[in-house]
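My entries follow in the order I made them.

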Amino acid sequence: MPLKLSTYGPAVEAFWREPTSSLLRTLDAPRRGLRQQEAERRLAQIGPNLAEPSQTRSMLQKVVHRLINPLIAILIVAAAVSGFSGDLGSVAIIVLVVGLSLTLDIVQEHRAEVAVDALRRSVAIQADAIRDGASVALRVSELVPGDVVQLRTGDLVPADGVALEARDLQLNEALMTGEPFLAAKTTDPCITSLPAEASNALFAGTSVVGGSGTMLVVETGRRTRFGMISAALLANDPPSALEQGVQKLGMLILRLTISSRCSCCSPISWRIGRPWNRSCSPSRWPSA
């Protein structure tokens with residue numbers, strides 16, 4: 001039976017309310033674990049078990065993102081006006097300042113991205129999954145729906161799923177529910193629709209603080225509750241009040257700069273009979 005993507009999951013329904021046998025049948029997952037070939041096929045079809053993959057921007061995107069900053073735009077406009085007016089010294093100074101600022105910002109961002117990727121690789125978590133009937137250590141990113149994972153005290157739950165076996169299994173779910181109390185897990189289906197009350201459900205990011213057990217992986221990656229919360233936070237990250245204020249101030253200064261240049265240069269050009277680009281340079285204005 002082909003794998004049904006996201007048949008269950010927090011976005012669709014409370015998968016913990018389904019009987020274990022029904023979940024095993026839907027995910028085409030035997031209790032003894034998936035075959036390695038089948039797991040690789042599902043991994044290629046669904047993608048890695050990552051809440052949010054590393055996002056890096058190209059060099060062009062980084063430069064454009066900084067050029068649209070109103071304060072940078074003011075300097076660019078000032079450089080353009082100075083160039084038209086023949087003030088090459090000002091143009092050189094402004095271009096040098098903008099170039100240094102962009103270079104430093106991009107270098108710092110690149111170093112931060114490299115450090116984050118290195119840290120992510122250094123803390124890559126492994127999980128003990130059952131493949132081809134044997135327990136093997138896998139990277140968490142290689143888990144797929146239908147995997148059977150062994151859990152022990154100190155482990156982090158690698159994905160969303162249900163408990164197949166629970167031997168005094170206790171989890172710290174403060175990350176997901178905010179509750180400081182330990183949650184005891186069982187293998188019986190629940191009728192509740194609230195994740196915090198689901199005694200058989202295990203969620204990615206929570207930790208095992210007591211006992212042991214095995215779990216059936218139902219959802220991975222961005223389809224887990226943790227992944228959905230992470231994606232929502234990244235997608236709906238509005239600018240702060242300070243950022244909005246700086247942007248508005250920059251746009252105001254930009255408009256005032258352009259309007260003042262236009263309003264002062266045109267009358268002067270008309271009165272002294274010079275091209276506007278020459279009359280805009282203060283060094284060429286007639287003395288009083």
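Entry one, positive phi. I began at the hairpin of E1 and E2, which has two residues between the strands, and found Asp132 with a positive phi near 55 degrees. Strands here are DSSP runs (E, at least two residues) and helices likewise (H or I, at least four), numbered from the N terminus. E1 (residues 126–131) and E2 (residues 134–139) pair in the antiparallel sense over six bridges; pairing requires that DSSP finds at least two bridges between two strands. I noted Val136 in E2 as the bridge partner of Ala129.

A note on provenance: this is a predicted model, in which local features need pLDDT of at least 70 and side-chain atom pairs count only at pLDDT 80 or more, while totals for chains, interfaces and linings use all residues. Residues are numbered from 1 along each chain as its sequence is written, and side-chain values use heavy atoms, with hydrogens and water left out.

Most residues other than glycine have a negative phi. I therefore listed two further non-glycine cases against that general rule. Asp28 has a positive phi of about 50 degrees and sits in the loop between helix H1 (20–26) and helix H2 (36–46). Asp168 has a positive phi of about 55 degrees and lies in strand E4 (residues 160–172). For accessibility I used buried for under 20% relative accessible area, exposed for over 50% and partly exposed in between (1.4 Å probe, protein chains only). Asp28 is partly exposed at 33%, and Asp168 is exposed at 67%.

Entry two, helix H4. I checked residues 70–84: the helix has 15 residues and spans 21 Å from first to last C-alpha, close to the 21 Å expected at 1.5 Å a residue. The expected span is 1.5 Å times one less than the number of residues. Its buried residues include Pro70, Ile72 and Val81. Just after H4, Gly86 has a positive phi of about 90 degrees.

Asp128 and Arg152 meet at 2.6 Å, N to O. This pair links distant parts of the chain, with Asp128 in strand E1 and Arg152 in the loop between strand E3 (148–151) and E4, 24 residues apart. Arg42 and Glu38 have their closest N and O atoms 2.7 Å apart. They are four residues apart in helix H2, so about one helical turn separates them. Arg42 is buried at 0%, and Glu38 is buried at 14%.

Terms used: A salt bridge is a side-chain nitrogen of Lys or Arg within 4 Å of a carboxyl oxygen of Asp or Glu.
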